[in-house]
Amino acid sequence: MLIFYQILQECGGYYLANEFTVTPWEVKGRVDYMRLAREFGVQLITESEINTLRELTGEVHYLIRRGFFYAHRDLQSILNRQKSGLRWALYNGRGPSADLHIGHLVPWILSKWFVDKFNVDYFFELTDDEKFLVREGYTLEQTNKYAYENALDLIALGFTPDKLHIIIDSEDIKYLYKIAVRVGKKLTLSTVKHTFGFTDSTNVGAAFFPTLEISVAFLPTELYGEPVPVLIPTAIDQDPYFRLARDIADELGYPKPSTIYSKFIPGLTGEDKMSASNPDSAIYVTDSEKDVRRKIMNALTGGQPTAELQRKYGGDPDNCVVYKYHLLFQDSDERVRRIYEDCRAGKLLCGECKAMLFERIREFMKEHNERRERAKDVIEQYRISVKFR
Ligand code: TYM
């Protein structure tokens, strides 16, 4: 047990020096992603994993190729299972406390690619209990309502009901509870406090909650009656749950979950992460076209102060939020390359570049909202309770 604590402390726990903090509930300061990976004890994605993915699928998703998904835990073991024709599943989730910003869609866009390429089952947890327990000022009815709203956005990405299985914690607890109590017995209060930064005034509901996020990682094994490890594509803030899950999996007789981690989509106004407290830093799926345009047009760029200087010296796409959004939402490598080169050469002005981004996001959101409307009629078909009784 002592070794376990030392490892946790060496991994950085939940708090990293003074410069930045990354926890499942808070990202503060300028994140040094390489250092975060080192301190969390996760591996960087290397050519080896990229080549295996390419061998297996014929291509590698641009979110991985462009380094947005950059780290992992034991991705190789999932790829090996795939090579051997053995079953695995995908797992993701969302804490429903508000409408989604487009950053939330990014891990699910990659999940869609995995489902399409590997024909795997996709388990998705909506933690209405978590958001009720950890956020001040929400009733359980409100977070539950957001669970349904957020589920529509997930379904709108194009998943079919035979592959996507949605779990709403407050309604589908019977699928998780037996696993959760076993998980709970393996985790001491002290471990949970260290890992998540809980204190003596944290409510006991919040302290128990991690067992539920961990449980879904083990659920496919229970449902299929054979070892079915999961791959979890998420931003790196969720790592503490899955580090613990991996620590206790063997003892509970479950396969260890694997993960693939992204960086955070930066706020449009320069923050390292889109933030709910500054609505202009994020584009919400419910924003009007007018709001999206205004937010993009006000975004921070790596451009020169005047058009004349921009033409003369070129801009700095490597330090430009607008360019980062192009990298995340333009799937054409050729278009992204042209934007980069034209910016550096001073041929592309920031206003034009923002207009191109607005056009792309407008198109994405228009399609998304049409599909979201249609999802309202079919949401029940995606519930885990319809598929697994
Ligand atoms: P939540 O609702 O905070 O976030 C949902 C997912 O979105 C990712 N994310 C981001 N990704 C890129 N850029 C951003 N700016 C950004 N902000 C958030 C998060 O990493 C997460 O993947 N406790 C969880 C819900 C949950 C879950 C899971 C998440 C339950 N089971 C399994 C991932 C995997 C939560 O509150 O997520």
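## Basis of the model

Because the model is predicted, local features need pLDDT of at least 70 and side-chain atom pairs count only at pLDDT 80 or more, while totals for chains, interfaces and linings use all residues. Residues are numbered from 1 along each chain as its sequence is written, and side-chain values use heavy atoms, with hydrogens and water left out.

## The largest pocket

The largest pocket holds about 1,100 Å³ of space. A pocket here is an open set of points on a 1 Å grid over the protein atoms alone, where a 1.4 Å probe fits, with protein on both sides within 12 Å along at least five of seven lines; its lining residues have an atom within 4 Å of a point. Grid points are joined across faces, edges and corners, and the volume is the space filled by probe spheres set on them. The lining is made of 46 residues, of which Arg94, His101, His104, Asp237 and Lys273 are the closest to the centre of the pocket.

Among the elements that give two or more residues to this lining are β3 (26–28), β6 (89–94) and α6 (102–118), and α6 gives the most, with five residues. Helices (H or I, at least four residues) and strands (E, at least two) are DSSP runs, numbered from the N terminus.

## Aromatic pairs

Across the whole structure, a search finds 25 aromatic pairs. Rings of Phe, Tyr and Trp (its six-membered ring) pair if their centres lie within 6.5 Å, and planes under 30 degrees apart count as stacked, over 60 as edge-to-face and the rest as tilted.

Trp25 is partly exposed at 27% relative accessibility, whereas Phe198 is buried, with a relative accessible area of 11%; buried means under 20% relative accessible area, exposed over 50% and partly exposed in between (1.4 Å probe, protein chains only). Trp25 and Phe198 also belong to one aromatic cluster with Tyr91, Phe196, Phe209, Tyr241 and Phe242.

## Charges over rings

Lys145 lies over the face of Tyr146, at 4.7 Å from the ring centre, and the charged end of Lys263 sits over the ring of Tyr70, 5.5 Å from its centre. Such a contact requires NZ of Lys or CZ of Arg within 6 Å of the ring centre and within 35 degrees of the ring normal.
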